[in-house]
Amino acid sequence: DTFTDFYYSLTIEERESLAARAHTHPGYLWQIATGRRKAGAALIERLMAADDRITFPMMRNRAA
């Protein structure tokens, strides 16, 4: 699985909640999910802490 797959499986409310728990903006998560940006190590750590379904490999592998 990729973060993109995970992101698109979430509702808008779940995306907003994830962003809040990870101390980031929902729009930034969208940019990561769509490949416009890459998450840095600190954000990856916050995302993994915010939701145990998120893994480091998921954050580094993008669907082709």
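The largest nonpolar core has 18 residues, and Phe3, Leu18, Leu29, Leu47, Ile54 and Met59 touch the most other members. A nonpolar core is a set of buried Ala, Val, Leu, Ile, Met, Phe, Trp, Tyr and Cys residues joined through side-chain atoms within 4.5 Å. Two or more residues come from each of α1 (3-9), α2, α3 (26-33), α4 (41-50) and α5. Helix α4 gives the most, with four residues. Helices (H or I, at least four residues) are DSSP runs, numbered from the N terminus.

The model is predicted: local features need pLDDT of at least 70, side-chain atom pairs count only at pLDDT 80 or more, and totals for chains, interfaces and linings use all residues. Residues are numbered from 1 along each chain as its sequence is written, and side-chain values use heavy atoms, with hydrogens and water left out. The protein chain averages a pLDDT (the predictor's confidence in each residue, from 0 to 100) of 93. At least 70 is scored by 94% of the residues. Confidence is highest in helix α2 (residues 12-21), at a mean of 98. It is lowest in helix α5 (residues 56-60), at 91.

Leu18 is in contact (heavy atoms within 4.5 Å) with Phe6, Leu10, Leu29, Leu47, Ala50, Asp51 and Ile54, leaving aside neighbours within four places in sequence.

Pro26 is found in helix α3. Pro26 counts as partly exposed because its relative accessibility is 29%. Buried means under 20% relative accessible area, exposed over 50%, and partly exposed in between (1.4 Å probe, protein chains only). Beyond neighbours within four places in sequence, Pro26 is in contact with Tyr7, Glu16 and Ala19. The C-alpha atoms of Pro26 and Glu13 are separated by 9.9 Å.
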